[in-house]
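Please walk me through this structure by question and answer.

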Amino acid sequence: MTEPTAASANPEPAWLLARQPVALQDQARRLLRWARQNGAAAVWLEGAALIAVWPEGEAGRQAVAALADRAGQPAQVARITGQDPRAAWQAPPLDRIHPRLALTPAWSGLSAGPGVLVIDPLTAFGAGDHPSTRLNLLLLARLLDQDPPPAGAWVADVGAGTGVLALAMSLLAGLKVLAVDPDPAAARATARNQALNPLAGGRVAFVRATHAVLAAQFPLIAANLPGPLLLMVAPRLRECLAPGGRLVVSGFRAEYAPKVERACTALGLGLQDQADQAGWVGLTCRVGRVPPAGRTRVGRVPPAGRVRVG
Ligand SMILES: C[S@@+](CC[C@H](N)C(=O)[O-])C[C@H]1O[C@@H](n2cnc3c(N)ncnc32)[C@H](O)[C@@H]1O
């Protein structure tokens with residue numbers, strides 16, 4: 001069992017920051033007032049954008065979505081950490097998931113590199129800031145650190161969205177990744193992020209389709225899908241795992257995790273690793289039984305969400 005790190009025992013506060021473009025002064029003032037009345041910890045105007053910061057969590061997530069609805073256009077969202085959100089905003093947002101992996105939103109101006117993915121969600125799911133994405137990334141990074149499939153092997157990302165999990169697998173271990181998602185928004189976002197991350201993007205092949213398209217047997221499948229959908233597709237994913245293959249799943253909250261664990265056990269998958277953040281859970285399962293000594297429990301996702309660079 002892995003103990004939570006000293007840093008995770010005493011995490012810095014985490015915030016969701018929305019950079020909301022606004023068209024008119026009047027609208028900016030109205031939105032500023034609305035954000036203040038709806039729990040924003042800090043809100044200010046910067047050029048043609050309203051910057052509003054909420055404590056990380058479901059309420060903050062809903063407030064960010066409601067702000068974009070009221071503004072009539074999407075906001076750019078980032079996760080930042082620090083005692084003072086205004087001070088944290090001064091540094092380019094670099095969300096560190098693992099010692100070898102950090103994410104930054106496309107608008108940060110930072111470049112992709114060996115340990116950094118640049119993510120633009122366009123209209124697909126999140127910029128990598130959602131706990132379900134961060135948990136999957138953390139579990140993937142740990143697995144690829146300890147026992148990666150051979151470089152150049154094909155693995156799969158089911159429900160690619162922005163392509164962030166696929167890009168991470170490619171970046172961290174030189175894997176080729178088949179990324180599938182039926183949503184045209186995912187096709188657009190994955191293509192954009194492949195271009196923003198040339199190092200990793202070249203090894204990702206996107207197919208606009210559901211999980212049903214998978215035919216090969218993969219040594220590793222990542223799937224961040226809502227719990228009920230995950231239960232539905234799990235038998236198919238199991239069929240697509242090679243002997244000893246690993247399945248990294250997320251997308252469900254803690255109360256749903258026992259159902260997912262039971263489904264995995266029934267499919268002959270042993271629990272190898274798990275992590276949680278803000279009431280969300282991620283699991284790594286492997287084909288076959290995993291002896292208790294072979295299990296790790298990560299605890300929380302490292303909180304060092306934002307570091308100063310350059
Ligand atoms: C929660 S998002 C995850 C996006 C991304 N992987 C991440 O971690 O941020 C789930 C994605 O699954 C896609 N999806 C829904 N049903 C699917 C299915 N049957 N097979 C594959 N993808 C599916 C959705 O279109 C959506 O983009």
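This is a predicted model: local features need pLDDT of at least 70, side-chain atom pairs count only at pLDDT 80 or more; totals for chains, interfaces and linings use all residues.

Visitor: What is the order of the open sheet of 4 strands?

Guide: Strands here are DSSP runs of E with at least two residues, helices are runs of H or I with at least four, and both are numbered from the N terminus. Two strands pair if DSSP finds at least two bridges between them. The edge strands, each pairing on one side only, are β2 (42–46) and β4 (76–81). Pairing is antiparallel, and the order is β2-β3-β1-β4.

Visitor: Which residue is the bridge partner of glutamine 20 in β3?

Guide: Strand β1 (residues 14–21) and strand β3 (residues 49–55) are antiparallel and share 7 bridges. The β3 partner of glutamine 20 is leucine 50.

Visitor: At about what angle does helix α3 run to β1?

Guide: Angles run from 0 to 180 degrees between N-to-C directions, with axes fitted as lines to C-alpha atoms, for helices over the stretch in contact. Contact between two residues means C-beta atoms, placed from the backbone, within 7 Å. Helix α2 (residues 25–37) lies across β1, β2 and β3, at about 165 degrees to β2. Helix α3 (residues 58–71) lies across β1, β3 and β4, and its angle to β1 is about 5 degrees.

Visitor: Which residue in β12 stands opposite isoleucine 221?

Guide: Strands β11 (residues 218–224) and β12 (residues 241–253) run parallel and are joined by 6 bridges. Opposite isoleucine 221 stands leucine 247.

Visitor: Which strand is joined to β12 by 7 bridges?

Guide: In this pair the strands run antiparallel. Phenylalanine 252 has valine 281 as its bridge partner. The strand, covering residues 280–287, is β14.

Visitor: Which helix gives the largest share of the shell around the ligand?

Guide: Of the 25 residues around the ligand, Thr133, Gly159, Gly161, Asp183 and Asn224 come nearest. Helices α5 (131–146), α6 (164–173) and α9 (227–239) each supply at least two shell residues. The largest share, 3 residues, comes from α5.

Terms used: Residues are numbered from 1 along each chain as its sequence is written. A residue is near a molecule or strand if its C-beta atom, placed from the backbone, lies within 6 Å of it.
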